[in-house]
Amino acid sequence: MPLNRRALVAAAMDLLDEKGAEALTMRNLASRVDRKVASLYNHVSGRPELVELIRAEIVASIDTEPFAKDPWNVALERWARSYGAAFGAHPASIRLLATTPIRDASTYVMYERVVDGLARGGWPAGEAVAVMRTVEAFVLGAALDMIAPADLLTPDAPATDLPAIRRALAPEHATTSSAAAAFELGLTALLDGLTERLARLCEDRACSAGG
């Protein structure tokens with residue numbers, strides 16, 4: 001079967017999803033596509049470029065359109081949900097992409113749209129990136145929580161002399177203590193907190209806290 005860059009990236013993402021970041025080596029990838037390692041360098045310069053191509057593939061599925069038309073807080077929520085869905089589909093990529101320098105141009109295009117939307121909503125340039133990174137950090141952590149084993153927290157695991165956590169983990173609270181519920185609560189609290197912070201910042205200068 002002919003091999004091109006797109007097919008190679010797809011194979012790399014499958015390898016990453018199935019085996020994890022440690023398994024993403026040029027040798028393992030060559031074996032997966034039934035090629036010699038040297039032949040892969042006809043398509044990518046090496047693992048660092050491959051990682052950035054994977055980043056670009058994931059970023060391509062993240063929606064930034066709301067920043068062009070919606071208030072900053074609405075756009076930020078929609079972006080957070082889209083971001084979570086994109087990385088939730090490839091959770092093994094989170095640690096890899098969160099710990100490597102970002103060189104992919106499309107990622108910076110995404111960041112440009114987010115920061116520009118925040119700036120038009122009234123956020124000062126000095127805090128816009130921090131806002132963006134705060135949301136990213138929450139979403140990536142939540143994405144990992146979403147794929148945690150169903151028995152990560154169980155009411156019978158804590159010792160009997162820990163009644164508060166045992167009661168909170170009781171079956172009747174399963175819906176409100178789930179990873180999905182934690183995501184909704186955390187995202188709401190985060191957006192509420194950011195909205196309050198922007199309002200305080202706006203007390204001392206002219207800006208539009210609503211976008």
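Student: Which pattern does the protein chain follow, read along the sequence?

Tutor: The pattern is α-α-α-α-α-α-α-α-α-α, with ten helices and zero strands in the protein chain. Helices (H or I, at least four residues) and strands (E, at least two) are DSSP runs, numbered from the N terminus. Before we go on: this is a predicted model, where local features need pLDDT of at least 70 and side-chain atom pairs count only at pLDDT 80 or more, while totals for chains, interfaces and linings use all residues. Residues are numbered from 1 along each chain as its sequence is written, and side-chain values use heavy atoms, leaving out hydrogens and water.

Student: How much of the protein chain do buried residues make up?

Tutor: Buried means under 20% relative accessible area, exposed over 50%, and partly exposed in between (1.4 Å probe, protein chains only). Here, buried residues are 36% of the 211.

Student: How do I read two packed helices, and at what angle do α5 and α8 pack?

Tutor: Two packed helices are described by the angle between their axes and the distance between the axes. Axes are lines fitted to C-alpha atoms, for helices over the stretch in contact, and angles run from 0 to 180 degrees between N-to-C directions. In this case, α5 (residues 72-88) and α8 (residues 125-146) pack at about 40 degrees, with axes 9 Å apart. That makes α5 oblique to α8; angles under 35 degrees count as roughly parallel, over 145 as roughly antiparallel, 65 to 115 as roughly perpendicular and the rest as oblique.

Student: Which residues of α5 meet α8?

Tutor: Contact means heavy atoms within 4.5 Å. Among those in α5 are Leu-76, Trp-79 and Tyr-83, and the α8 side includes Val-131, Val-135 and Leu-140.

Student: What covers the buried residues of α5?

Tutor: The cover includes α4, α6 (92-98), α7 (105-120), α8 and α10 (179-202). Trp-72, Ala-75 and Phe-87 are among the buried residues of α5.
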